[in-house]
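Keep the structure in view while you work, and try each task before you look at the solution.

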Amino acid sequence: MIPVPSGVRVWLAAGASDMRRGMNGLALQVQQALERDPHVGDLYVFRGRRGDLVKILWHDGLGMSLYAKRLERGRFVWPQAADGVVSLTPAMLSMLLEGIDWRHPQRTWRPEAAG
């Protein structure tokens with residue numbers, strides 16, 4: 001789990017993002033499309049078109065980090081808006097990363113056995 005310090009804001013980039021982008025490309029998207037500063041310490045969460053992959057961009061004051069998570073089954077719950085940004089709490093982000101609908105908390109699927 002990402003160690004989210006208190007006071008950090010979490011932003012979801014509405015719509016689908018190009019998951020081929022790395023740190024620099026996503027930071028540029030934050031700056032140009034979302035009109036925010038990617039270096040202030042906020043978390044920016046991006047989802048791919050298929051919905052099973054998210055990338056999280058975070059600048060911790062020392063450097064930029066890029067986290068990725070792919071669900072083996074199911075999709076991440078995302079806002080219906082085509083563009084813009086949606087604010088989440090760190091608790092909502094934790095639910096989202098666990099595959100839980102953060103709007104109505106329920107576990108969507110949990111593997112029963114490995115393999």
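**Exercise 1. In which sense do strand E3 (residues 53-59) and E4 pair, and over how many bridges?**

Solution. Before we start, note that this is a predicted model.

Step 1. Find E3 and E4 and compare their directions: they pair in the antiparallel sense.

Step 2. Count the bridges between E3 and E4, and you reach seven.

Step 3. Tryptophan 58 has serine 65 in E4 as its bridge partner.

**Exercise 2. In what order do the five strands form the open sheet?**

Step 1. The order is E4-E3-E2-E1-E5, and the pairing is mixed.

Step 2. Look for strands that pair on one side only: these edge strands are E4 (64-70) and E5.

Step 3. From one strand to the next, the twist averages 25°.

**Exercise 3. Describe strand E1 (residues 10-13): where do its side chains point, and are they buried or exposed?**

Solution. Start with the general rule.

Step 1. In a regular strand, side chains alternate between the two faces of the sheet.

Step 2. Apply this to E1. Val10 and Leu12 point one way, while Trp11 and Ala13 point the other way.

Step 3. All four of these residues are buried, and buried means a relative accessible area under 20%.

**Exercise 4. Which strands does E1 join, and in which direction does each run relative to it?**

Solution. Take the two neighbours in turn.

Step 1. E1 and strand E2 (residues 43-47) run parallel and are joined by three bridges. Tryptophan 11 has tyrosine 44 as its bridge partner in E2.

Step 2. Trace the chain between these two strands. From E1 it passes through helix H1 (residues 23-32) to E2, a β-α-β crossover that is right-handed.

Step 3. Turn to strand E5 (residues 85-88), which is antiparallel to E1 and joined to it by four bridges. Here leucine 12 stands opposite valine 86.

**Exercise 5. Which residues of helix H2 (residues 90-97) are buried, and why do they line one face of the helix?**

Solution. Begin with the geometry of helices.

Step 1. An α-helix has 3.6 residues a turn, so residues three or four places apart point the same way.

Step 2. In H2, the residues Leu93, Leu96 and Leu97 are buried.

Step 3. Look down the axis of H2: its buried residues fall within an arc of 95°, so they line one face.

Step 4. Ask what that face meets. The buried residues of H2 pack against E1, E2, E3, E4 and E5.

**Exercise 6. How many salt bridges does the structure hold? Describe some of them and say how accessible their partners are.**

Solution. The structure holds four salt bridges.

Step 1. Recall that side chains of opposite charge can pair when their charged atoms come close.

Step 2. Look at aspartate 42 and arginine 9, whose side chains meet in a salt bridge at 3.2 Å, N to O. This pair links distant parts of the chain, 33 residues apart: aspartate 42 is in the loop between H1 and E2, and arginine 9 is in the segment before E1.

Step 3. Check the accessibility of each partner. Aspartate 42 is buried, at 7% relative accessible area, whereas arginine 9 is partly exposed at 45%.

Step 4. Move on to arginine 20 and aspartate 18, which form a salt bridge with their closest N and O atoms 3.0 Å apart. Arginine 20 is exposed at 75%, and aspartate 18 is partly exposed at 29%.

Step 5. Another salt bridge brings together the side chains of glutamate 72 and arginine 70 (3.4 Å, N to O). Glutamate 72 is exposed, with 64% relative accessibility.

**Exercise 7. Where is glutamate 35 found, and what is its phi?**

Step 1. Glutamate 35 lies in the loop between H1 and E2. It is exposed, with a relative accessible area of 68%.

Step 2. Most residues other than glycine have a negative phi.

Step 3. Glutamate 35 has a positive phi, near 55°, although it is not a glycine.

Terms used. Residues numbered from 1 in each chain as written. Predicted model: local features only at pLDDT ≥ 70, side-chain atom pairs only at ≥ 80, totals over all residues. Heavy atoms only, no water. Buried < 20%, exposed > 50% of the residue type's maximum accessible area, 1.4 Å probe, protein only. Pairing = 2+ DSSP bridges. Right-handed = clockwise from strand over helix to strand, strands pointing away. Axes fitted to C-alpha atoms, helices over the stretch in contact; angles between N-to-C directions. Arc of directions from axis to C-beta. Contact = heavy atoms within 4.5 Å.
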